[in-house]
Amino acid sequence: PSFEMQLMQQNCIAVFCFASLCPLGVPACLASQILECNGQIAKLFFIKRQPLPEDDHGIRILQEAFMVQAVVLTLGWELSMRYITWNDDLHQMPQEYLIMCLGGW
C-alpha cells in the first residue's frame, strides 16, 4: 500500500505543478487516476486473500507531511512562474529583487 500511495502522491504533485501550464490536462490526469483506482478496486473482488489490518498512524503522519510539502511546493512553483518566468519586465527590476526571488525559491 505504501508504494501505491507514493504513486498517488507523485501524480498529485504533477497535477499541482503543471495545472498552471496546461489546465486542460488536469481533468485528463485526474480521470486516469480515477480509472486506475476503479481498476484496482475491481481487482480486489477477484482476489481471495484477506488483507491483514495494520496500524495506520505512520501512514497518516506521512500523508500530513506530504500535504504540507505539496502546498509549499505549489506556492513556490506558482510564485516563481508568475514573478520570474512570466514577468516581461524582469530585466528592468532592481538586482535586489531578483536575488530575493531566486533566494526564496
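1. Let's start with one residue of this predicted model. Ala14 has a relative accessibility of 33%, so this residue counts as partly exposed, since that class runs between the 20% and 50% cut-offs. Ala14 is part of helix H1. Along the chain, 60 residues separate Ala14 from Thr74, yet their C-alpha atoms are 9.9 Å apart in space.

2. How do H1 and H3 lie relative to each other? Helix H1 covers residues 2–18 and helix H3 covers residues 57–85; their axes come within 10 Å and cross at roughly 20°. Angles under 35 degrees count as roughly parallel, and H1 and H3 are therefore roughly parallel to each other. The handedness of their crossing is right-handed.

3. If you want to look at the contact itself, H1 contributes Met5, Gln9, Cys12, Ile13, Phe16, Cys17 and Phe18. From H3 come Ile59, Leu62, Gln63, Phe66, Ala70, Leu73, Thr74 and Trp77. Sorted by class, the contact of H1 with H3 has 12 nonpolar residues, 3 polar ones and no charged ones.

4. A word on the cysteines, in case you were wondering about bonds. The structure holds 0 disulfides. For Cys12, the closest cysteine sulfur belongs to Cys29 and is 9.2 Å away, which is too far for a bond, because a disulfide needs the two sulfur atoms within 2.5 Å. Cys29, likewise in no disulfide, has the sulfur of Cys12 as its nearest cysteine sulfur.

5. Is Cys29 buried or partly exposed? Its relative accessible area is 23%, so Cys29 is partly exposed; buried would mean under 20%.

Definitions and conventions. Residues are numbered from 1 along each chain as its sequence is written. This is a predicted model: local features need pLDDT of at least 70, side-chain atom pairs count only at pLDDT 80 or more; totals for chains, interfaces and linings use all residues. Side-chain values use heavy atoms; hydrogens and water are left out. Axes are lines fitted to C-alpha atoms, for helices over the stretch in contact, and angles run from 0 to 180 degrees between N-to-C directions. Helices (H or I, at least four residues) and strands (E, at least two) are DSSP runs, numbered from the N terminus. Angles under 35 degrees count as roughly parallel, over 145 as roughly antiparallel, 65 to 115 as roughly perpendicular and the rest as oblique. A crossing is left-handed if the near helix is turned anticlockwise from the far one by less than a right angle, and right-handed if clockwise. Contact means heavy atoms within 4.5 Å. Ala, Val, Leu, Ile, Met, Phe, Trp, Tyr, Cys and Pro count as nonpolar, Asp, Glu, Lys and Arg as charged, and the others, Gly among them, as polar. Buried means under 20% relative accessible area, exposed over 50%, partly exposed in between (1.4 Å probe, protein chains only).
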